[in-house]
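Please read the points below with the sequence and the structure open beside them.

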Amino acid sequence: MNALEFLLSGTLAAALPLLLAALGEMVVEKTGLLNLGLEGMMAIGAAIAFICVYHTGAHELGFLAAAAISAALAMVFAFLVVVIHANEVAAGLAIGVLGLGLSALFGKSYESLTITGLPELGLPILSQIPVIGPTLLTQDIVVWCAILGVVAIWYVLNRTKLGLIITAVGENAHAARSIGYPVARIRFAAVAFGGAMCGLAGAYASTVYTPLWADGMIAGRGWIALALVVFGTWQTGRVAFGALLFGVLSLGELTAQAIGLAIPSQVLSSVPYIVTILILVVISAQQQRRQ
Amino acid sequence: MKIRMVRRDAASHLAMVGAPVLALVLTALCSLVLFAALGVDAGTALHALLLKPFLTWYSFSEVLLKMAPLLLIAQGIAIGFRANVFNIGAEGQFIIGAVCASAFPVYFPEGDFPVMLPAMILAGGLGGLAYAAIAAGLRTRFGASEILVTLMLSLIAIQILNYLLLGPWKDPRGFNFPQTVMFPANAQLPRLFEGVRPNISLFFALGASLLAYLLMERHFRGYQLRTAGLAPRAALYAGFSTSRMIWLSLCIGGLAAGIAGASEVAGPLAQLQRSVATGYGYAAIIVAYVGGLRPLGIIASSFLISVIYIGGDSATVSANLPIAAVEVFQGMLLVFYLMTFTLIRFRFEIEREAPA
Amino acid sequence: MSAPALLALSGVSKRYGSIQANKAIDLSVRAGSIHAILGENGAGKSTLMKLIYGVEHPDEGQITWNGKRVELARPSDAQALGIGMVFQHFSLFETLNVVQNVSLMVPGKPAELAARIVELGSRFGLAVDPNAMVHSLSVGERQRVEIIRCLLLNPKLLILDEPTSVLPPQSVRLLFETLRRLQADGTAILFISHKLEEIRELCDEATILRGGQVTGRVNPRDHDARALAQMMIGRDMPQLTVSDAGEPGEVRLKLQRLSQPRSTRFGTTLDGIDLTLRAGQIVGIAGISGNGQQELAALISGETRAAAPEMVQILGQPVGDKGPMDRRALGFSFVPEERLGRGAVPDMALSDNSLLTAHRQGMLRGGFIQRSIERSFTRQCIDDFDVRTPGPEAEAGALSGGNLQKFILGRELLLAPDLLLVSQPTWGVDIGAATAIRRRLVEMRDGGTAILIISEELEELFEICDLIHVLHEGHLSPALPRARTSAEEVGAYMIGAKA
């Protein structure tokens with residue numbers, strides 16, 4: 001397999017955890033909140049999903065459990081911020097720490113155990129196309145579902161009344177309340193959705209992408225997802241594009257080894273973080289100029 | 001029946017002291033349930049976690065050892081937090097501080113450098129400061145979020161540490177372990193007491209607490225920082241420079257974390273090794289908030305979190321408690337603190353439905 | 001009475017913390033009538049409307065609709081009954097267009113809604129482009145959108161909260177015509193205002209509120225303004241006699257070709273503004289908020305830097321590139337229109353709020369705060385300006401709007417400025433306090449201070465200003481001497497009919 005084929009087949013899967021978490025957070029931010037606890041919500045989702053799949057063998061159950069537990073953790077954040085008006089940054093960090101801690105606690109006895117991932121499915125007919133057929137167009141079921149999910153999120157946000165309501169609440173919560181929308185409930189729902197998406201992202205990371213659980217396995221992806229929302233300027237398509245870009249980057253280390261580049265691995269491991277900073281700078285500078 | 005929140009006319013001083021205590025009680029109660037669910041003897045675990053650190057001089061001295069970096073870092077970042085500048089990457093500044101300080105003993109392993117310790121502490125402080133200043137520059141120049149930048153810089157700092165320990169700075173006689181040479185005696189901080197490990201960095205931390213108090217509660221500059229945090233538009237109206245607040249906040253935070261990092265390698269570790277990155281920078285965020293972001297409160301909260309660290313160590317042995325429980329305990333403590341903190345500004349009233 | 005009233009309140013009370021906003025209110029609105037709620041700022045009018053619209057819930061008392069008791073848990077319950085509400089601070093969304101804003105409240109396909117918006121607009125004199133983005137609309141157009149949005153739900157009762165406070169005089173006429181047409185169509189209107197003449201002109205019935213209680217139920221046409229005022233404030237309207245200004249002194253503020261591109265999508269571009277303000281003079285800037293008032297104030301205060309130093313000159317010095325502290329050091333002082341969060345820090349004690357701009361009054365020694373001087377300054381401000389508060393330790397956030405305004409104004413006046421900028425000096429302030437504030441400003445002028453006032457209240461400007469400018473869409477009109485202009489002329493500038 002050459003480097004190009006490797007990238008074509010692996011990028012979508014590598015991007016998936018970032019994509020799901022970032023889209024969830026995007027919806028949260030569209031309602032006017034900022035939840036910094038992504039890393040923790042992804043971690044607890046990853047741990048719970050792994051445990052679930054290890055005992056039952058059913059990936060569906062793992063994803064479901066992960067979504068539920070991360071949404072529950074997100075509700076703690078929503079309660080702190082929406083109901084009792086606690087500091088948003090502190091509340092996000094708090095559930096982040098809590099999620100990371102709980103994931104380590106629950107996952108402790110599952111480290112170094114293994115489960116099987118999911119088989120890859122080629123698209124009918126299309127997967128016969130040379131080069132991209134067996135690579136890009138042959139992915140596991142979650143990838144295909146996620147692509148549908150991206151389209152669905154885009155549609156809801158841009159083409160439905162629900163999307164309009166979310167935009168309205170985010171722009172002017174006071175006005176939304178005074179014309180009769182239950183702003184608190186809408187925000188609760190958005191935060192729960194964001195949490196569930198993080199749970200799914202974590203579940204994919206621990207049960208499909210690399211089917212094993214290790215403490216610290218999220219490795220900053222929650223924070224990169226946060227940056228992706230800024231990068232995507234709160235637009236579904238751009239966030240998805242950003243996630244793909246980082247999917248490529250995170251494969252960079254393996255690719256570089258594959259094509260025999262002699263760069264210290266620590267430099268390659270730092271690349272996604274450095275690129276995140278650079279992108280933040282460019283996007284923020286653009287927004288500053290536009291104002 | 002409905003419960004509603006009513007804003008108090010002025011912050012309640014009783015609640016200010018009571019909130020963290022109540023949070024601690026709630027956290028302990030929740031932990032009991034959680035530990036029981038994990039099959040750990042909850043009574044033994046809590047006993048180990050909260051009481052054992054006080055039962056022997058050695059374990060209490062270990063509490064003081066932990067407290068020094070936590071207190072120092074927390075005082076630094078709390079100043080920024082009050083100005084709404086969220087330096088959550090103190091971990092990275094701590095690591096860079098440790099790395100910069102280590103350069104001296106690594107290149108002068110025989111200790112043949114005249115002012116070894118002062119140079120190390122200074123280099124560590126300036127290293128941490130410079131590392132945080134990157135975020136300040138990017139925030140003031142381009143508007144890039146310091147939350148994300150400091151965090152990313154932390155992740156990069158770990159890679160820098162790994163690179164040095166696996167490459168140029170690896171102890172040639174260290175059996176290929178990722179660590180530097182042991183530091184010479186003149187590169188180690190004097191200890192406070194015979195036979196136990198706390199060193200004079202505890203005084204750095206207490207001194208920093210005093211300075212933080214003078215700055216934040218007594219000085220006009222601290223007032224400007226507080227105003228920027230409580231009402232950014234009022235700060236703008238009064239003419240307090242926003243970018244100066246950002247620079248000041250991040251530089252103070254980086255300086256404190258850098259000195260803490262230097263003290264860690266010049267203190268208990270006596271070499272640079274991977275375990276320098278144990279999460280003090282993240283724990284300090286919890287210390288800062290649970291201390292109400294106030295210098296005096298942070299002294300108390302840093303002590304409390306240190307007790308939990310040392311207690312957690314002993315609970316892993318005596319109650320078979322996973323070490324991750326300490327992190328969970330900290331997370332819960334912050335969540336409950338944020339809940340009880342509401343009592344400082346609000347009181348709760350029970351609203352009855354109008355009689356039909 | 002044969003038929004029950006359309007809307008009736010009996011014994012309705014509402015309390016916020018220690019403040020009794022409404023106390024045992026009885027109110028009865030007949031179908032097809034225009035009913036006024038008259039009361040000054042802080043009398044409890046807005047709270048009452050929120051109770052009727054289901055935004056808030058009464059602690060006691062009951063609300064009946066066509067004789068039947070109703071519970072209004074949320075605005076949608078009120079909408080379902082047929083109650084519509086036009087808010088004083090509109091509940092529109094800037095980033096959405098008119099149809100989208102409407103569709104957030106009214107069911108229907110966008111194309112159909114757009115057609116109905118145009119149709120209703122022509123029927124009631126409320127023309128507006130359904131596809132326009134709200135942030136591009138003028139204040140008057142936004143009000144029309146709010147009204148249309150209510151009308152599309154076929155209300156039987158339409159509530160308008162201080163609808164004329166944001167309109168130039170000419171637009172007030174148009175609004176009244178619209179309301180009369182609606183009345184002819186069978187819609188009852190609840191009209192909230194503190195403007196006596198308007199109510200006498202428009203309304204059939206009036207319920208008067210003072211201190212959260214009903215103090216009168218009258219036909220406003222049967223009473224003169226003085227009698228209504230007595231019911232509203234419990235005494236005669238305080239009169240302010242303003243002596244003519246003496247000969248103005250040296251130039252204290254000069255704006256020279258001051259231009260600034262808008263800083264946000266929703267901002268206003270200022271275009272070549274020229275203004276001269278002299279010692280012992282009060283100059284007013286009239287105009288509806290949102291025409292560049294905030295941008296202009298920030299450029300004068302230094303919160304925004306000008307493109308060139310000479311564009312803003314304070315006491316002869318070019319300061320366009322200087323920050324607020326430097327300008328204050330020259331003798332400049334500023335009372336902003338937002339009190340909480342800009343003029344004062346809500347979570348800080350009043351004494352710490354003194355420090356915000358009065359730190360040069362000896363409150364610092366070597367950068368350290370001198371608490372005793374801070375406190376005595378604050379105490380003096382509280383006493384001199386009749387700020388009702390437990391003391392310097394009270395937090396700014398706990399003060400009522402009027403008291404906080406007195407505190408901020410007092411703080412800025414105690415600095416004995418040579419040049420004072422006051423933005424919306426009496427927004428949300430009761431009539432007694434407003435008169436006291438205006439009297440203070442005139443005293444300052446007579447003491448030689450140069451004062452610039454930015455205000456939406458035309459009456460206020462005509463009362464105390466020597467010269468009046470009008471700001472419209474970022475353009476400043478020439479100076480109009482008060483004695484030689486009229487509300488009609490100023491109004492013409494306000495809507496851009498004159499420039």
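**Notes on the predicted model**

1. Helix H8 of chain B, which spans residues 220–230, is mostly covered, since eight of its eleven residues are buried. A residue is buried if 20 or more other C-beta atoms lie within 10 Å of its own, exposed if 12 or fewer, and partly exposed in between, with C-beta atoms placed from the backbone. Helices (H or I, at least four residues) and strands (E, at least two) are DSSP runs, numbered from the N terminus. The model is a predicted one, in which local features need pLDDT of at least 70 and side-chain atom pairs count only at pLDDT 80 or more, while totals for chains, interfaces and linings use all residues. Residues are numbered from 1 along each chain as its sequence is written, and chains are lettered from A and ligands numbered from 1 in the order in which they are written.

2. Which residues of H8(B) are buried? They are Gly222(B), Tyr223(B), Gln224(B), Leu225(B), Arg226(B), Thr227(B), Ala228(B) and Gly229(B). Their cover includes, from chain B, helix H3 (57–82), helix H7 (201–218), helix H9 (232–238) and helix H10 (242–269), and, from chain C, helix H11 (350–358) and strand S18 (368–369). Contact here is meant in the sense that two residues have C-beta atoms, placed from the backbone, within 7 Å.

3. Chain A has twelve helices and two strands, and along the sequence these follow the pattern α-α-α-α-β-β-α-α-α-α-α-α-α-α. Its radius of gyration is 19 Å, close to the 19 Å that the globule rule gives for 291 residues, so chain A is as compact as a globular protein of that length. The radius is taken over C-alpha atoms, and the globule rule is 2.2 Å times the number of residues to the power 0.38. Along the principal axes, the C-alpha atoms of chain A fill a box of roughly 60 × 45 × 40 Å. Buried residues make up 53% of the 291 residues in chain A, and among its contacts between residues at least 6 apart in sequence, 76% join residues at least 24 apart.

4. Within chain A, Phe63(A) lies in helix H3 (residues 59–83) and is buried, with 24 other C-beta atoms within 10 Å. When residues up to four places away in sequence are not counted, Phe63(A) touches Ala49(A), Leu200(A) and Ala203(A). Lys30(A), by comparison, is 33 residues from Phe63(A) in sequence and 25 Å from it in space, C-alpha to C-alpha.

5. The contact between chain A and chain B takes 37 residues from chain A and 34 residues from chain B. On the side of chain A that touches chain B, the elements giving two or more residues are H3, helix H4 (88–107), helix H9 (221–231) and helix H12 (265–290) of chain A. By class, that side has 27 nonpolar, nine polar and one charged residues, where Ala, Val, Leu, Ile, Met, Phe, Trp, Tyr, Cys and Pro count as nonpolar, Asp, Glu, Lys and Arg as charged, and the others, Gly among them, as polar.

6. Chain A also meets chain C, with twelve residues of chain A in contact with 18 residues of chain C. Helix H6 (161–171) and helix H7 (173–178) of chain A each supply at least two residues of this side, and H6(A) gives the most, with six residues. The residues of chain A on this side divide into five nonpolar, five polar and two charged.

7. In chain C, strand S20 (residues 450–454) is mostly covered, with five of its five residues buried. Ala450(C), Leu452(C) and Ile454(C) point one way from S20(C), and Ile451(C) and Ile453(C) point the other way. S20(C) pairs in the parallel sense with strand S13 (residues 282–286) of chain C over four bridges, and also in the parallel sense with strand S19 (residues 419–423) of chain C over five bridges; two strands pair if DSSP finds at least two bridges between them. Ile451(C) in S20(C) stands opposite Ile282(C) and opposite Leu420(C).

8. Another part of chain C is an open sheet of four strands in the order S2-S1-S4-S5, with antiparallel pairing. Strand S2 (19–29) and strand S5 (68–70) of chain C stand at the edges, each with a single partner strand, so one side of each is left without a neighbour in the sheet.
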